[in-house]
Structure formats: C-alpha cells, structure tokens
Amino acid sequence: MNNIERRDAQMAYISDESVMEEQKVCRRILQKFNTMDRSDFEGLGRTVKELLGKSDGAFINPPFYCDYGSHIEVGKNFFANYNCMIIDVAKVKIGDNCQMAPNVAIYTAGHPVHPVSRNSAYEYGIEVTIGDNVWIGGNTVILPGVHIGSNTVIGAGSVVTKGIPDWVVAAGNPCRVIRKITEEDRKYYYRDREFDEEAWMAIEEFAKTVQDC
C-alpha cells in the first residue's frame, strides 16, 4: 500500500511527497479564502464549497485552517466562526445545523507516544464524527476518534477526549456530561432568561416546520 492508501485506511503512514501534493491543493484554496474581502459573503460561501468535500449552505468566517478540506463533510447550514482549525488527516463528518464558536479545533491526526516510533516519521489519522444540531463552544478541542451525538452542546474551553451522547450538555477537561437537555430548556435563551413573547411565538412557528428539535 502507498502512504495515501495507508492514511485513508486509518493506518500508520508517512507524509511523503504524494501526500504533500494533496495538501498543496488545499493550501492554494485556503490562501485565496483567508485573504478574501471579509464582506464578500457570496464569494466566501463559494470558496467554502470549493474547499470542502461535501457541504450544503455552509459558511465559515475566515481565517480557517485545514490540511485537505476534501476530507471534511458537513451537512446543511454548517457554520464555523473565526479561527476554526480542522486537521482532517482522516474523515471529519458533521451533521446538519451544526455551529462552531471561535477557536474550535478538531484533530484527527496524532503521533506515537514512544519517541523512537514517533521519530520514525509515522503518524496516523482517526475519524471524528459529529451529529446533527450540535453547538461547539469557543476554544474547544476535539481529539482523534471522538463521536459527538446529535442535539448536544459542548461548553467553551472543553477538551473532548471520548465520545459524548445525544441530547446532553457536556464540558470540561476532559469533557464530561453535565446534564441532559430537556423540553424545559426550549423556553430559555441564556441560563434563566426566558424568551419574550414575540420571540417565543416565532420559535413556536419555527418548531412546526421541523421534526427533530
């Protein structure tokens, strides 16, 4: 097997010339994206579509960093705020309606623990998956192999080292489940602050158009 095949099979591989040629394609697109007029929302959106392996209405606030782009698959209405970094050596699959606050980092890549193995130049990438309707708080780090369930919130500053289930609030280093998300949470927009009547009526109307929230 060549190193691209090894990488894509989530085996130990070496970033040889063929691997770096793939990264060059991504870097050219990122150079364009990260130096574009920040008010050119349509242009930014087109470039995001060019960069990512799969997207549907995705928008990213530059700057943004990744290794390949083509290994990132996002669902409908994906949004990532400033300074997002996705090291997509392996696949990163993200569902519909996901939001990422500033400075979120997703790492699929890693290196052996033992220095002899690490210095051999072998590295690896393990897939990360994120479900639908997930909100990732600012300065969160998500490590290789993690799965985050649908309808979950990850608190700011978290380091996610293991899988997180559906419908929970989780936070911390290492990230742990704090509580479940319940129907009672629907009426609050921040802690104990309830939506006003105008906003609440709009939310109720919106809820009629969706099935999963």
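Which residues does Asn-3 touch, not counting residues up to four places away in sequence? Asn-3 touches Tyr-13, Ile-14, Asp-16 and Val-19, where contact means heavy atoms within 4.5 Å. This is a predicted model, in which local features need pLDDT of at least 70 and side-chain atom pairs count only at pLDDT 80 or more, while totals for chains, interfaces and linings use all residues. Residues are numbered from 1 along each chain as its sequence is written, and side-chain values use heavy atoms, with hydrogens and water left out.

- Asn-3 is found in helix α1 (residues 3-8); helices (H or I, at least four residues) and strands (E, at least two) are DSSP runs, numbered from the N terminus.
- Asn-3 counts as buried because its relative accessibility is 16%, given that buried means under 20% relative accessible area, exposed over 50% and partly exposed in between, with a 1.4 Å probe and protein chains only.
- From C-alpha to C-alpha, Asn-3 and Lys-32 are 28 Å apart in space, and they are 29 residues apart in sequence.

**Packing of helices α2 and α3**

- Two packed helices are described by the angle between their axes and the distance between the axes.
- Helix α2 (residues 17-34) packs with helix α3 (residues 41-51) at an angle of about 170°, and their axes are 10 Å apart; the axes are lines fitted to C-alpha atoms, for helices over the stretch in contact, and angles run from 0 to 180 degrees between N-to-C directions.
- The helices α2 and α3 are therefore roughly antiparallel to each other, since angles over 145 degrees count as roughly antiparallel, under 35 as roughly parallel, 65 to 115 as roughly perpendicular and the rest as oblique.
- On the α2 side the contact is made by Cys-26, Ile-29, Leu-30, Lys-32 and Phe-33, and on the α3 side by Leu-44, Thr-47, Val-48, Glu-50 and Leu-51.
- The buried residues of α3 are Gly-43, Leu-44, Gly-45, Thr-47, Val-48 and Leu-51, and what covers them includes α2, β3 (59-60) and β4 (64-66).

**Aromatic rings**

- There are two aromatic pairs, counted by the rule that rings of Phe, Tyr and Trp (its six-membered ring) pair if their centres lie within 6.5 Å, with planes under 30 degrees apart counting as stacked, over 60 as edge-to-face and the rest as tilted.
- The rings of Tyr-189 and Phe-195 have centres 5.6 Å apart and planes at 50°, so this pair is tilted.
- Phe-195 counts as partly exposed, because its relative accessibility is 26%.

**Backbone features**

- Most residues other than glycine have a negative phi, and most peptide bonds are trans.
- The peptide bond from Pro-62 to Pro-63 is cis, with omega near 5°, and Pro-63 lies in the loop between β3 and β4.
- Another cis peptide bond joins Asn-173 and Pro-174, with omega about 0°, and Pro-174 is found in the loop between β19 (168-171) and β20 (176-180).
- Asn-139, although not a glycine, has a positive phi of about 65°; Asn-139 is in the loop between β14 (135-136) and β15 (141-142) and is partly exposed, with a relative accessible area of 49%.
- Arg-191, also not a glycine, has a positive phi of about 50°; Arg-191 is in the loop between β21 (188-190) and β22 (193-194) and is exposed, with a relative accessible area of 69%.
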